[in-house]
Amino acid sequence: MTRYRFDQIAENSTAKKKPEESDRDRYVGLEHLDPGTLDVTRWGAEVTPKGDKLLMKKGDVLFGRRRAYQKKVGIAPFDGIFSAHGMVLRPKTDAIDSWFFPFFISSDAFLDEAIRVSVGSLSPTANWKDLRTLEFNLPSLGKQRELAGILSEAEQLKGHYRSLLVACDDVVKSQFVEMFGDPCDPDSSKFPGLLLKDICDLRIGPFGSALHKGDYITGGHPLVNPSHIISGCIEVDSSLTVGEEKYASMEPYHLRKGDVVLGRRGEIGRCAVVDVEGLLCGTGSMILRPHTNMCLSDYLQRVVSFPSFSTSLERQAVGVTMKNLNAKIVGNAMVVLPPLALQREFADFAVSVDKSKFAVQKALDELNATTKKILNQELGLGDV
C-alpha cells in the first residue's frame, strides 16, 4: 500500500461554459445521479440550465460534492455539461488505474472523508481546497487493475438486477393503466377524478429555520427528505436525526403509519408510504394523509409515483435557485379515484409483484455488500 494526497490521485477539472439551447439534452445534474450505481441513465433539462456549468467528457467521474452524504458518483455517459454543485474528476494514472478510479471515488474510504470535510449546515459541500490535501492508501497499480476487473463484472450484474427491478415496476404501471387508465389523461380515465386536497390532508415540511445544526444527534428520530426515499421505500440516515425534546416540539411534522411522504424539493416526486412510527417530515418533503374512507395509502402512493403524474407535478414546480412544490400545486392535482374495493385489488397485485422485487433487491443488496467489503479491505478499512 502506498499513501497519496488526493491531488496526486485525481485532477479536478474546472472548465466551464454558459449553457446554450443545444446543451439541454446533454446536461447531467445532481438529480440524475443515483446512489449505489456508477451508471448515469437519466439526463437532460426541459429548459436551458441557468448559470455556468462544468464541462465533462465521456468517461469522466462525476461527484456530487453538494450534500456529499447522499454519496452520488457516476461516470459521464457522453461529452456534455454537469452541475456546478458537483466535481468533474479525472485520474492521475501514475498513482491510480483509470478503470479502478471510479470505484475508488465511490468507496467509503473517499466518500466518508469527503463528508467529514464538507462545510455548511443546510447543504454541506465538499470543496477542492479541503479534499486535495486528504491522504489515502492505494494498492499497487497491478492490484488495482485486478480489482477493477472484478468490480466491473459485479457492476454489470448489478445492472441486470436493476433492470429486473424496473421490469417489476413496469408490470405494476401496466396493470394500473389497464384497471384505471392514465392518471394524467382524462380521456383514458375509467373513473371520476377528485382533487388531491379533497381526499387527503396536506402539510408542507418545516422551514429550514426550524432546525439548526445543534439539533442533530446520532440515533434519534430520523428526518425524511427526498434523498431518503428510494424506489418507494424510506431509507433513513442515522446521522440526520433529532433528539426526543426537539422531536416532541415538532408534532405537526410527525409522520404517522399510513402517511404518504412526498419529495417536494430537489428530487421532486419521490414518495413512499410510512410504515413505522417516530419519523419526522424533512424540509424538502410534505405529508399526504389520506382520508381512509376514500383512499388507501398504498393506492395513493402508486398514483403519485406514476411517471406521468410525478412529471406533471415537477413541471409545475416553482422557484429560481431550487424548484419546489407548494400545497396549492399538489392539492389541485387531479387523482383518479376508483372504489375502495378496486383500490385494494390493485394494491394487492402490486404487493405480490413487490415480493418478486424484494427477492431481486435482496440479491442486489448482497452483491453491493460484497463489493463494498472487497473495496474496504483493499483500501485499508478492514471489514467496515
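In what order do the four strands of the open sheet lie, and what is the pairing? The close-ups below come from a predicted model.

**View 1. The open sheet.** The strand order is S3-S5-S8-S4, and the pairing is mixed. Strand S3, residues 16-17, and strand S4, residues 27-28, are the edge strands, each pairing on one side only. Strands of a sheet pair through backbone hydrogen bonds, either parallel or antiparallel.

**View 2. The contact between strands S3 and S5.** Strand S5 covers residues 53-56 and runs antiparallel to S3, to which two bridges join it. Lys17 has Lys53 in S5 as its bridge partner.

View 3. Helix H5 comprises 40 residues, 141-180.

**View 4. Cysteines without a disulfide.** The disulfide count for the model is zero. For Cys168, the nearest cysteine sulfur belongs to Cys233 and is 13 Å away, whereas a disulfide requires sulfur atoms within 2.5 Å. Cys168 is buried, at a relative accessible area of 13%.

View 5. Cys200 counts as buried because its relative accessibility is 1%, and buried means under 20%.

Conventions
Residues numbered from 1 in each chain as written. Predicted model: local features only at pLDDT ≥ 70, side-chain atom pairs only at ≥ 80, totals over all residues. Heavy atoms only, no water. Pairing = 2+ DSSP bridges. Buried < 20%, exposed > 50% of the residue type's maximum accessible area, 1.4 Å probe, protein only. Expected span 1.5 Å × (residues − 1).
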